[in-house]
Amino acid sequence: MSSVIRISREVSRVAGESTLEVVVEGGSARATYSSTLSLRNFERLVKGRRCSEVPYIASRICGVCSHAHFWASSLALEQALGIEVGEDLATIRDVCNRLQLIQNHVVHLGLLVLPDYVGREGFEEYARVALAANSPLLKALNTLCGRLTNPVGYSLGKLLAPIEARHLKTAANYLREARSYVAKLSKATLELELPELEDPAPNYVALSQVNAITVPAGGPYYLTTPRGTVELTEANYRSVIQEVHVEYSSSRKCLLMGEPFFVGARARLLATQSDIPAKVSKSLSTNPFSNIYAQAAEALATVDWAIETLEELSSRQLRLGSSNPGVPGGSGLGVVEVPRGLLVHYYRVNADARIKEADIVTPTVMNTYHMELSAATLARSLASRGLSEGEVGKYVEALVRAYDPCIPCAVHVIIRGE
Amino acid sequence: MVRVYVDGVEVDVPKGSTVLEAVAKAEREVPTLCYLGGVFSEATCRVCVVKAGGRVVPACAYPVSEGLKVVTEDEELARLRRISLELILASHRVSCWNCFAKSSCRLLGVARRLGVEGLPVCSECPLYGSSCLVARGEPCLGALTVAGCGATCPRSGSPCVGCRGYVSSERVWGEAVANHYRRYLKSLEDLRTAVEFFWTYLPPNLRRYLGGGP
């Protein structure tokens, strides 16, 4: 018997507009995940702009991860201009990035993922928990960098508004307020039964600094992959993480030295081998759905890390360093771990401190091939068990959500031949 | 005592009271600008207009009469109040960047309430004098951008990027460029780049003030 399954649907409950198409015919399956979002030309927009403006523009790529883009572009430009960043300023920016990471995971799990597993009734309870956690997390961010999104408290190499012990303490208190809700959500997620799926390409990439999701102060960047450690440099990042353009989508896709791979919370936990609850350690390396386990574990561990770090900072004199304007010219790479995975910003700067070239590689772009492969594998196995088209559709959509894609970040340029 | 009806609420006020006093007693509110209880009630600003017995009158000066029916809010009143405020702003010399009033500015308060966009972000910015970002050489767009955000960015030390759009008054542009930006910035070049961040369309006159051709 060879039944044909054709699924083509807009994926709901993900950031942005995207379409998933799955065709299962005979023994083979094919999945494509595409976006028809129009031009979001950030790499072109920043050309010719002053370096100091670029982090503000880059942070507008996505309101959800504005800190991530702000920081990645700051790191790249600081490297390009030779600006040194004070140790504690780097840590504060790290904390801000991780607060956004927690906030992202909480909202993603509570509002977007859990409805797949707990249904309509259970959903309401978790949505409330997620929103209860969301509010203090955003307040903490506001305390540290002046705004909930699109940070304004710091600029290249310097802090704009003074941060004192009381700000750090207030932020830590907000985190304590959020902790019980994050813990509740994390526990509920870790108790879920995931659909069965064997990872078709267990190939991951994450920054390898131990116990650090993000690199404190600009390079060198080492990536952990199942095949060993790779140093990511300006010279090789395009060949290590190859971006390719496909006809059917306005967002690009990535290969790791020719192969599909995944990034994100699951990759980070596998790379650092820390914070992995014993119960989920097996599925973490074999099942793509387990990214939600990883997010749950990571969110809670990060809250504790952030409280500890803020307390430590608030108990002593801050070393913020002296800011210098840097020397125009040169180029720089900024690599950070953000909620959805690895984010790379690269800039080349003119002698008059204006941007000559910009390149942004986002985690969703890196995950897409892997996600398509997993979706095809899942659809084939479900179809062979005789599930209907509608049922298969539900599962593959849940799979896409587990990867937590963000389309606004993924579509950054759609010029043919580039 | 005289009985009046404010938006249907029955109140008794002493004879000789103004409609504004009756409105307050009925726990309703109308915006006022020039009115200063017991000191000034010459009804010059016309921001407190209400409908009393079907006629549009200034609440601060109009006396109550028995059985008077007062309407404090409707579309026509909102429009008239806005027009009054726009006329005041048109002849007001806006230079919030070096005005002492800042966030205690009555004009700003009423403008916000009536939805009139005539004042720049500088009116809400706590930075003043040498702490002003422009005075420190930053191309902050606060003097050209519509107020209402609470000056979140300058407050954190980050220059205003103009996300709320520009103030539509040509007088404000001229005043800001001539008396603020030219005073502190070496050239307007950075300002010209900064306005392109959010403002995809620049009116020709604003472009002219910034020196970027027609």
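Biologist: Leaving aside neighbours within four places in sequence, with which residues is Leu387(A) in contact?

Modeller: Two residues are in contact if their C-beta atoms, placed from the backbone, lie within 7 Å. With neighbours within four places in sequence left aside, Leu387(A) is in contact with Leu382(A) and Val392(A). The loop that holds Leu387(A) runs between α10 (363–384) and α11 (389–403) of chain A. Helices (H or I, at least four residues) and strands (E, at least two) are DSSP runs, numbered from the N terminus.

Biologist: What should I know about the origin and the numbering of the model?

Modeller: This is a predicted model, in which local features need pLDDT of at least 70 and side-chain atom pairs count only at pLDDT 80 or more, while totals for chains, interfaces and linings use all residues. Residues are numbered from 1 along each chain as its sequence is written, and chains are lettered from A and ligands numbered from 1 in the order in which they are written.

Biologist: Why does Leu387(A) count as partly exposed?

Modeller: A residue is buried if 20 or more other C-beta atoms, placed from the backbone, lie within 10 Å of its own, exposed if 12 or fewer, and partly exposed in between. Leu387(A) counts as partly exposed because it has 17 C-beta neighbours inside 10 Å.

Biologist: Is Ala58(A) buried or exposed?

Modeller: Ala58(A) counts as buried, because 29 C-beta neighbours lie inside 10 Å. Ala58(A) belongs to helix α2 (residues 54–58) of chain A. Beyond its neighbours within four places in sequence, Ala58(A) is in contact with Phe42(A), His69(A), Phe70(A), Ser73(A) and His345(A). Between Ala58(A) and Leu160(A), 102 residues apart in sequence, the C-alpha to C-alpha distance is 18 Å.

Biologist: How does one read the packing of two helices, and at what angle do α3 and α4 of chain A pack?

Modeller: Axes are lines fitted to C-alpha atoms, for helices over the stretch in contact, and angles run from 0 to 180 degrees between N-to-C directions. Helix α3 (residues 66–81) of chain A packs against helix α4 (residues 87–145) of chain A at an angle of about 150°, and their axes are 8 Å apart. Angles under 35 degrees count as roughly parallel, over 145 as roughly antiparallel, 65 to 115 as roughly perpendicular and the rest as oblique. The helices α3(A) and α4(A) are therefore roughly antiparallel to each other. The contact is made by His67(A), Ala68(A) and Trp71(A) of α3(A), together with Arg93(A), Cys96(A), Asn97(A) and Gln100(A) of α4(A).

Biologist: How are the residues of that contact classed?

Modeller: Ala, Val, Leu, Ile, Met, Phe, Trp, Tyr, Cys and Pro count as nonpolar, Asp, Glu, Lys and Arg as charged, and the others, Gly among them, as polar. By class, the contact of α3(A) with α4(A) has three nonpolar, three polar and one charged residues.

Biologist: At what angle do helices α5 and α9 of chain A pack?

Modeller: Helix α5 (residues 165–190) and helix α9 (residues 291–314) of chain A pack at about 160°, with their axes 9 Å apart. These helices, α5(A) and α9(A), are therefore roughly antiparallel to each other. Their contact comprises 21 nonpolar, three polar and four charged residues.

Biologist: Which backbone angle stands out at Met257(A) and at Asp7(B)?

Modeller: Met257(A) has a positive phi of about 45° although it is not a glycine, and its loop lies between β10 (253–256) and α7 (265–272) of chain A. Asp7(B), which is not a glycine, has a positive phi of about 50°; its loop lies between β1 (2–6) and β2 (9–13) of chain B. Asp7(B) is partly exposed, with 14 other C-beta atoms within 10 Å.

Biologist: How many helices and strands does chain B have?

Modeller: Chain B has seven helices and five strands. Buried residues make up 38% of its 214 residues. Its C-alpha atoms fill a box of roughly 65 × 30 × 25 Å along the principal axes.

Biologist: How is chain B divided into domains?

Modeller: Domain bounds come from an automatic or database domain assignment. For chain B this gives domain 1 (2–82) and domain 2 (93–209). Their contact takes five residues from domain 1 and six residues from domain 2.

Biologist: How many residues does each chain give to the contact between chains A and B?

Modeller: The contact takes 12 residues from chain A and 10 residues from chain B. On the side of chain A there are five nonpolar, three polar and four charged residues.
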